[in-house]
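I opened my notebook to go through one structure, entry by entry. I wanted to see what its atoms say.

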Amino acid sequence: MGSRKSWNRQLIIRNKFENADAMELMRRSGINVVLSLQPIKFAELRLKKSTRVSNNKSEVFVYDLNPPAKSEVWFEDDNAKLKWNQLSQSHLSIQIETQAAGNLVVARNSIPGWQSTLDKQPIPVGETPDGLVILKIPSGRHVVDLKFVPPGFYIGSAISVLALIVFLITLARAKNNKARNAGSY
């Protein structure tokens with residue numbers, strides 16, 4: 001399950017922080033900035049600034065990852081042309097032009113609920129070994145839409161609307177009965 005893989009990715013980053021594998025996972029996950037309450041001396045982190053906080057009792061150190069992280073969306077073939085827009089927190093639209101078929105990777109946790117279309121036709125959403133979203137894309141020019149809809153969202157919405165209708169009918173009947181009872185005296 002994607003959530004377990006993303007949890008494992010986070011554990012590796014935390015537990016093996018100053019390790020090449022952890023730095024690569026950070027890059028693949030789109031992490032570019034590290035905040036620390038202690039100075040860090042590691043070649044792949046470059047101090048950007050430090051700031052005194054809490055009435056000058058503590059200092060926060062801000063580091064940039066060097067080299068920086070990949071963008072949030074990338075194609076495994078570096079020759080592909082990508083343009084993407086985040087339409088909302090749960091919806092990406094990606095334009096891609098590639099000479100060869102390959103994998104489009106999106107630095108989002110691969111959890112149940114992701115849905116994708118390629119040129120308005122549904123395509124399966126997969127996951128990388130480290131728990132990120134991956135889509136198989138054929139060669140050519142395409143538009144990919146990637147949306148997240150939590151499992152059970154539509155059923156839950158329908159149940160909520162039905163419950164509201166039942167409540168309103170019950171309220172209207174109670175009001176009607178009260179008016180009838182008030183008029184019978």
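**Entry 1: burial.** I needed a cut-off before anything else: a residue counts as buried when its relative accessible area is under 20% and as exposed when it is over 50%, with partly exposed in between. I also noted that this is a predicted model. I then looked up Arg-27. Its relative accessibility is 9%, so Arg-27 counts as buried.

**Entry 2: helix H2.** I turned to helix H2, which covers residues 20-28. Which of its residues are buried? I found Ala-22, Met-23, Leu-25, Met-26, Arg-27 and Arg-28. At the start of H2, I saw a side-chain oxygen of Asn-19 within 2.5 Å of the backbone nitrogen of Asp-21. After H2 comes Gly-30, and its phi is positive, near 85°.

**Entry 3: the sheet.** I traced an open sheet of three strands in the order S1-S3-S2, with antiparallel pairing. S1 and strand S2 (45-53) are at the edges with a single partner strand each, so one side of each has no neighbour in the sheet. From one strand to the next, the twist averages 20°.

I looked at S1 (residues 33-36) on its own. Which residues are on its covered face, and which on its uncovered one? Val-34 and Ser-36 are on the covered face. Val-33 and Leu-35 are on the uncovered face.

I then checked the pairing of S1 with S3 (residues 58-65). Four bridges join these antiparallel strands. Val-34 has Tyr-63 as its bridge partner in S3.

**Entry 4: salt bridges.** How many salt bridges does the structure hold? I noted six.

Glu-44 and Arg-27 meet through their side chains at 2.6 Å, N to O. Glu-44 is in the loop between S1 and S2 and Arg-27 is in helix H2, so this pair ties together parts 17 residues apart in sequence.

Arg-46 and Asp-64 form a salt bridge at 3.7 Å, N to O. Arg-46 is in strand S2 and Asp-64 in strand S3, so the pair ties together parts 18 residues apart in sequence. Arg-46 has 44% relative accessibility and counts as partly exposed. Asp-64, at 17%, counts as buried.

Glu-72 and Arg-108 meet at 2.4 Å, N to O. Glu-72 is in the loop between S3 and strand S4 (73-75), and Arg-108 is in strand S7 (residues 102-109), 36 residues apart. Arg-108 counts as buried, at 15% relative accessibility.

Conventions: Residues are numbered from 1 along each chain as its sequence is written. This is a predicted model: local features need pLDDT of at least 70, side-chain atom pairs count only at pLDDT 80 or more; totals for chains, interfaces and linings use all residues. Side-chain values use heavy atoms; hydrogens and water are left out. Buried means under 20% relative accessible area, exposed over 50%, partly exposed in between (1.4 Å probe, protein chains only). Helices (H or I, at least four residues) and strands (E, at least two) are DSSP runs, numbered from the N terminus. Two strands pair if DSSP finds at least two bridges between them. A polar contact is a pair of N or O atoms within 3.5 Å; within protein, one must be able to donate a hydrogen and the other to accept it, and residues adjacent in sequence count only if both atoms are side-chain atoms. Axes are lines fitted to C-alpha atoms, for helices over the stretch in contact, and angles run from 0 to 180 degrees between N-to-C directions. A salt bridge is a side-chain nitrogen of Lys or Arg within 4 Å of a carboxyl oxygen of Asp or Glu.
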